[in-house]
Amino acid sequence: DKTVPLYSRISFLSIFSSRKAKIRAALKKAPQQAARCGSAHEALDTLKTLFDRIVRHIDPAARIETASSHDEVVFNIIGDGSGIFIGKKGQTLDALQYLLNKIRARQAADMPHILVDSEGYRSRHVENLEGLAMRLSKKAKTKGGTVTTPPLNAADRRIIHMALKQDTELTTWSKGDGIMRKVIIAPRQ
């Protein structure tokens with residue numbers, strides 16, 4: 001019955017603005033039947049409705065298409081092509097995906113992982129990374145020595161490793177700490 005106001009300055013919402021956001025939240029008692037959805041399908045519908053509201057607040061003309069891929073559900077944002085949902089190097093997509101998966105984990109843990117995409121960004125990004133892997137592998141073979149990628153996040157490093165996994169002439173490993181980790185590509189000895 002009692003709500004406790006919480007005030008917090010967070011920089012997460014600064015993905016939409018350069019200013020810090022001030023958020024006021026209150027704890028409420030939720031009815032037991034609303035706390036958890038009955039099935040994964042109901043949870044997916046609830047999550048899609050919530051995500052649709054978020055997307056429409058950012059761009060009223062945007063819409064969401066849902067598709068299933070392997071063991072993931074893909075929410076594809078169809079917009080005006082401005083890239084507002086992609087952000088710098090896909091950071092906005094990653095942030096939206098993180099939020100949806102946190103909500104998914106609370107609502108229905110048995111529901112598949114949510115992947116958020118916009119305007120085919122994720123597939124273009126994978127193609128670009130695979131192209132980079134092929135160029136660097138040729139360079140390593142020609143040079144006869146090691147070559148290094150720029151710093152990459154874990155998912156991008158994995159794409160590079162998987163792209164070169166079948167090449168028996170090369171070996172790959174990651175080197176560095178935190179966000180400065182790179183993939184090293186070298187000829188096998």
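This is a predicted model: local features need pLDDT of at least 70, side-chain atom pairs count only at pLDDT 80 or more; totals for chains, interfaces and linings use all residues.
Residues are numbered from 1 along each chain as its sequence is written, and side-chain values use heavy atoms, with hydrogens and water left out.

Let's start with the sheet that has the order 3-4-5, an open sheet of three strands with mixed pairing. Strands here are DSSP runs of E with at least two residues, helices are runs of H or I with at least four, and both are numbered from the N terminus; two strands pair if DSSP finds at least two bridges between them. Strand 3 (63-69) and strand 5 (113-118) sit at the edges, each pairing on one side only. From one strand to the next, the twist averages 25°; axes are lines fitted to C-alpha atoms (for helices, over the stretch in contact), and angles run from 0 to 180 degrees between N-to-C directions.

Zoom in on strand 3 and strand 4 (residues 72-78), which pair antiparallel over seven bridges.

Helix 2 (residues 40-58) lies across strand 3, strand 4 and strand 5, running at about 25° to strand 4. Inside this helix, D52 and R56 are four residues apart, about one turn, and their side chains meet in a salt bridge at 3.2 Å, N to O. The term stands for a side-chain nitrogen of Lys or Arg within 4 Å of a carboxyl oxygen of Asp or Glu. Over the whole structure, the search finds four salt bridges.

Helix 2 also has a helical neighbour: its axis and that of helix 3 (residues 91-107) come within 11 Å and cross at roughly 150°. The two helices are therefore roughly antiparallel to each other (under 35 degrees counts as roughly parallel, over 145 as roughly antiparallel, 65 to 115 as roughly perpendicular, and the rest as oblique). The crossing is right-handed, meaning that the near helix is turned clockwise from the far one by less than a right angle. Helix 2 brings A43, L47, L50, F51 and I54 to the contact, and helix 3 brings L96, L100, I103, R104 and Q107; contact means heavy atoms within 4.5 Å. By class, that gives eight nonpolar, one polar and one charged residues. Ala, Val, Leu, Ile, Met, Phe, Trp, Tyr, Cys and Pro count as nonpolar, Asp, Glu, Lys and Arg as charged, and the others, Gly among them, as polar.

Two bridges join strand 6 to strand 8 (residues 182-187), and T148 stands opposite I184 in strand 8.

Finally, helix 5 (residues 154-163) meets helix 4 (residues 121-143), with axes that come within 9 Å and cross at roughly 50°. That makes helix 4 oblique to helix 5, and this crossing is right-handed. The contact includes H125, V126 and L129 of helix 4, along with I159 and I160 of helix 5.
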